[in-house]
Amino acid sequence: MYRRSGRWNRSGLALSLICFLWIPIRAEGLLRPVNLRCEYKDHPLGIHTPAPRLSWVLEGKGRGLRQSHYQIQVASSQEQLQEEICDFWDTGKVPSSEQNQIAYAGKSLSSMDRCFWRVRVWDQSENPSPWSKQAFWSMGLLSPKDWKANWIGLPSESKETYQPCVYLRKEPSLPNEYERATLHVTAAGLYAFTINGKRVGKDFFTPGWTEYEKRIYYQTYDVTDLLKPGVKNVLGAVLGDGWYGLHHGGRGRLALLAQLHLEKKDGTSHLIVTDDTWRATREGPIRMSDIYQGETYDARKEMPGWNKPGFNDSNWRNAQVDPFGSNATWKDVTDIVRKAVKGKALHIQADNAHFGDPIYGKVKQLRVIYEENGREKEAHVQEGQTLDLTSGEGQLSIVKAEYGADMGSPKVTEAVRQSHLGNPVRKIEEIVPVKITEPQPGAYVLDMGQNFSGWVRIRAEGEEGQEITLRFAERCNPDGTVYTTNLRKAACTDRYIMKGEGIEVWEPLFTFHGFQYVEIKGLTQKPDKHTVTGVVLHSDAPLVGGFECSNPMLNQLFQNIVWGQRSNYLEVPTDCPQRDERMGWSGDAQVFIGTGAYNMDIAAFFTSWLTTYADSQNPEGGYANVSPKGGGVSPGWGDAGVICPWTLYRMYGDKRILENHYEGMAKWIRYLEERSENDLRPAQGFGDWVSVNAPMPKDVIATAYFAYSTHLMSQIAEVLGRSSDAAHYRARFEKIRSAFTEAYVKETGHIKGNTQTTYLLALGFDLLPEDLRTPAKKRLLERLEARDCHLSVGFLGVNLLLPVLTEIGEVDLAYKLIQNETYPSWGYPIRHGATTVWERWDGWTEAKGFQTPGMNSFNHYAFGACGQWMFETMAGISPEKPGFEKVRIRPLLGDEMKHVKATYDSIRGSIEAHWRRKGDALQLEVCLPPNVEGTVWVPCQDPSQVREGGKHAVDADCVRFLDMNEGAALFEVGSGTYRFSVR
Ligand code: BGC
C-alpha cells in the first residue's frame, strides 16, 4: 500500500510554496553563480536591445538548493564594479528565484557602452553566495547616425557570372595613444577582415544571412591587440559573393562597410572608416567563389604581404564609394542610337549586340529621350524588342539614349543595421579521412567517415600551374566513384592552382560543401591522411544534449540526428547543406525544432532566424516557405512562425520572443482566417512531404495546422496576459475543431485521407471530440498494421508519430518503430552506413538503389524529429514549467531496452536522467541543478517498492511522494542527485 498525499494541493502556487518551505535545508553547499550570459551569449560585443537579458547557472552541492534572492551589479569599468561603484545598475537584494530572462533596467545605455556585471544570490536560508566572476557585454552602434563609414568596393566590369573576389586595403597611421580599438564591420556579400595580416575574429560567412534589403547584420570586434599604436597598420578585407550574390542579385557587386574606433582616455574617439582612400583590386588569388559551385584559388596570383605594411599597391585602384551605383547599370548609348537614325525614323533592336552588356544576367531596357515639336519625349523598349520612332517633322533628334536596368539589390544601404543576433559560423572541429581509394587512375576518393558541412584543407606539393580539383559527395557509386547527381546544379568543386613552391596548404574561404567523400584529382603523389583534412563549419550554438542507450543503432541514430542538425544549422536552419538549395525552409525548421533544442542551445540561433523570418512575412501576413529570400506560403511551413517562438518559450522561458513576434503571429492567424471558408482551409502546399506512398489530402493538413497554430496562439496570448485575445483564439480553435470533425471525420473514426499522418495530426493537435478519439486511435493502429508495423509518415507526421503513440498508450509500439531496421524506418539508412539523417526514407534501397536524384539529400534533418521523443520519453526529461524551472522526469521503459541515459544542459543548468534494468530491478538516477525542482515518475506498482539512496523513497531527504499515476509513483524532488531503485 502507498500513502496518498491527498492533503497536498498539487496545483499551482500553493504546492510550490509548500515545497519551498518543506524542502529541507542543506547548508553543505553554498550556491555559486557561474556561466553568466547576456542575450544567450558569453561576453557579447555589440548588443542592440536597450534592455539586454541576463542569465546565470548555479553550482552547489547537496539537495534542495534554491535561490531566494539575487543581486546584479553593472558598472562601466572592471575597477568600478570591483569597488561596487555601480554607475549603470545595482538591483540591490531582490527576492526572486529567477536566474534567466532578467532584463537590464538600469541607466539607459548608449552606443558602445561597456557593461561589466556580476551577480550574487542567496539560498533558501538566505546564505549569500560569493560574487560571481565578472562578465561583460558591450552595446553596438544603436543609431544609424553612429555610422560614418561608406560602402566601398570595385564596380564590376565583367560579364562573367562568377567573378574574382575583391581585395581591399588601407594603411592608416594610428595615433600614439588610445585605450581600445573596436571594429564594426559588415558587407554586401561575405567579408573576411584582417589587421596586419592577422584574421579578425574566428567567424566565417560574416556578416550572416538576412533579408538584406530590410536588415543587415554587422560584427563588432575588440581589435586592440592586433594594432600597433603610433605607426602604420594595415586593414585588409576580402569580399566574396556568398548568399548576397547567389540569392539576392548582388553577384559581383560587393561592398564593405567598416569603421574602426580608437577610443582615447579622455572619452573621444579617432575613427578610421571605409572610404575612397582605400585601395582595391580584383587581381588576387580567389578567382571565383560561390556557395553552390565552389571556390577557385590561383596561388600564382597571391600578393604576398598585401594585408601587411609596406606592400606596393600602386597597381591597385582607389575603392569606389557605393560601388553598386548606377554607372554600371545604365550605359550611355546616345551615339550609337543617333547613328541608327535614318532621317525621320529610328528603327533599332535593343540588344547586347548593339550596345554591349552593362549588367550580366538582367533583362535590360533601351531608354531614349528625343525631341518632338520642341518638347522632350521618352520612349523605351525591353531587351529583345525593337524601338520604332518617327518624328512628325524634320530630322528625328535624339537627346539621350541609355541601355541598362534598375538594380534591385543595392538597397542593402537602406537596411536596418544590427549586430548579429545568432551564433557566428565557426570552424568547430577537424576530421581525418578514414579510407582512401583510387577507383579511377589519378582520381582518389577519401572517405571522411562522417557526412558534414564545411570544407577540406589540402596539403600538397607540385609544379607551378598544376591544378588540383576537389569534388564533394555524400555517397559513392557502386564502382567507388563519387555520386554527385543528387547535387543537381551545384558543382561543389574547388580548384587550387599551385604556385610550385614546396608544400602548399590551402582551404577555401567563402564556400562550403555538404559531404562525406572527397574526390581529389591532379596530385603528383598518392594522397595520405595528411593530404586532406576535413574542417567542420556550422553556427557555433553550444552542443547541450547527450544520449546513450542499450541499442547501438539508436546511439548511432542520435549521432546522425546531431550531425544532421550541425550540418544544417549553418547561419539559418537549412534543409540540406549540399545540393543547389541550402535554404531556410520553414517546414523543416518547425518539425525539427523540438529536437534541435535538446541537442544544441538554439536560443540565439533561432532568435536570429525568427527575426529574419518576420522580415520575410508578406504584407498580408503570410509566413514564407523559405527565409531569407522567402516566397510562397504553405500549411505546415508558414506555421513555423508560431511553433518556433512557442518552442523557445517552452525550452528557455523566453517571453520576449513571444512579445516580439506577437503582432506577426496575430497577422498570420488573421491571414489564415481570411483565407478559410467556414473554418476550413483550402487544399494547398506541399502535403505530407516525402511520405512513403501515403499522399494526404492537403485541405486536411491545412485545416489541422490552422487549428494547431490558433490553439498555440491562445496559449501564447495567455502567457502574455492578453486574456481577451486568448479567449478569441480559443473560441476560434474550437470552431475549427468542430469544422474539422464535421468535414473530415466519420463516426467510425475514419478521417479523410486515412494515412498515418492524418490520424497523427488529428490526435496530436487535439482535433477530435472525446467520443471519436478511441475510434481514431484504432484507425491509426490499423494504418500501422497495414504496413506491417512500419511508418509511412512524411515531414508533417514524423515529429508526431512516437509522441502520439505514447500518448495513446502504445509505448511498446513506439519503441518498436524507432528500433525497426527494415525499410522504411529510421534504422534502415543506418544499416546502410548513414552518418546523417536522410531526406527520404527511400534515399537508397537495396531494391532500387538511389532514389530520383532531383530530391535526394542524405543530410536533411526533418526525419530526425524523433530525437525529442528519445529525450522526453526514453530518458524522460521534459520541462514541466517553461525554461526547466521545474523538470518532469518520466521515463517510459521499452520492453527490450536495458538502459537509457540522457543529459541536457538546460538554461538553468545540467539535468540528467539515467535508468537501468538489472533483472527485475530498476535503477533510476536523476540529477537536477540548484534552483530546479522536479517530479520524478518512477515506474512501479506501489511506492513502498521504491527506495532512494538505500532508504524508502517516501522517507528520503528532499523527496516527497505525491501520488500514483499511470503505473508510476510520482515523487517531488529538489535539486541534487537521486538514486531511485525498484524491486
Ligand atoms: C526542400 C525541403 C522543403 C521542401 C518543400 C525541398 O526542396 O529540400 O526540405 O521543405 O522542398 O516541400
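**Figure 1. Cys492 and its positive phi.** In this predicted model, Cys492 sits in the loop that runs between strand E37 (482-483) and strand E38 (493-497). Its phi is near 45°, a positive value in a residue other than glycine. Is Cys492 buried or exposed? With a relative accessibility of 2%, Cys492 counts as buried.

Figure 2. Asp679 is a residue other than glycine with a positive phi, near 70°. Its relative accessible area is 9%, so Asp679 falls under the 20% limit and is buried.

**Figure 3. Helix H11 from end to end.** Helix H11 covers residues 698-719. Just after H11 comes Gly721, with a positive phi of about 75°.

Figure 4. Which residues surround the ligand? They are Asp575, Arg579, Glu581, Trp585, Asp588, Trp637, Phe686, Trp689, Phe795, Glu839, Met855 and His860. Sorted by class, this shell holds 6 nonpolar, 1 polar and 5 charged residues. For Asp588, the distance from a side-chain N or O atom to an oxygen atom of the ligand is 2.4 Å. Taken alone, the ligand exposes 310 Å², and the protein buries 97% of that.

**Figure 5. Ser453 and two backbone oxygens.** Ser453 belongs to strand E34 (residues 443-461). At 1% relative accessibility, Ser453 counts as buried. Which backbone oxygen does its side chain reach at 2.8 Å? That oxygen belongs to Leu537. The side chain of Ser453 also reaches the backbone oxygen of Ser567, at 3.4 Å.

**Figure 6. Gly522 in its loop.** Gly522 is placed between strand E40 (513-521) and strand E41 (532-539), in the loop that links them. With a relative accessible area of 30%, Gly522 is partly exposed. Tyr496 is 26 residues away along the chain, and the C-alpha atoms of Gly522 and Tyr496 are separated by 9.5 Å.

**Figure 7. An open sheet of three strands.** The order of the 3 strands is E1-E2-E6, with antiparallel pairing. Strand E1 (32-38) and strand E6 (102-103) stand at the edges with a single partner strand each, so one side of each has no neighbour in the sheet. E1 pairs with strand E2 (residues 53-59) over 5 bridges, in the antiparallel sense. To find your bearings, look for Arg37, which stands opposite Ser55 in E2.

**Figure 8. An open sheet of six strands.** These 6 strands follow the order E13-E12-E16-E10-E19-E22, and their pairing is antiparallel. At the edges stand strand E13 (198-199) and strand E22 (317-318); each has a single partner strand, so one side of each is left without a neighbour in the sheet. Strand E10 (residues 166-170) and strand E16 (residues 235-240) pair in the antiparallel sense over 5 bridges. Which residue of E16 is the bridge partner of Arg169? The partner is Gly236.

Figure 9. Strand E47 (residues 877-879) and strand E48 (residues 886-889) run antiparallel and are joined by 3 bridges. Ser878 has Arg888 in E48 as its bridge partner. The hairpin of E47 and E48 has 6 residues between the strands, and in it Gly883 takes a positive phi near 70°. E48 is also joined to strand E52 (residues 933-939) by 4 bridges, and these two run parallel. Val887 finds its bridge partner in Gly934 of E52.

**Figure 10. Two cis peptide bonds.** Most peptide bonds are trans. The bond from Thr206 to Pro207 is cis, with omega near 15°. Pro207 lies in the loop between strand E14 (203-204) and strand E15 (215-222). The bond from Tyr823 to Pro824 is cis as well, with omega near -10°. Pro824 is found between helix H17 (811-819) and helix H18 (827-831), in the loop there.

Conventions:
Residues are numbered from 1 along each chain as its sequence is written. This is a predicted model: local features need pLDDT of at least 70, side-chain atom pairs count only at pLDDT 80 or more; totals for chains, interfaces and linings use all residues. Side-chain values use heavy atoms; hydrogens and water are left out. A residue is near a molecule or strand if one of its heavy atoms lies within 4 Å of it. A polar contact is a pair of N or O atoms within 3.5 Å; within protein, one must be able to donate a hydrogen and the other to accept it, and residues adjacent in sequence count only if both atoms are side-chain atoms. Accessible areas come from the Shrake-Rupley method with a 1.4 Å probe; for residues, only the protein chains shown count as cover. Ala, Val, Leu, Ile, Met, Phe, Trp, Tyr, Cys and Pro count as nonpolar, Asp, Glu, Lys and Arg as charged, and the others, Gly among them, as polar. Two strands pair if DSSP finds at least two bridges between them. The expected span of a helix is 1.5 Å times one less than its number of residues. Buried means under 20% relative accessible area, exposed over 50%, partly exposed in between (1.4 Å probe, protein chains only).
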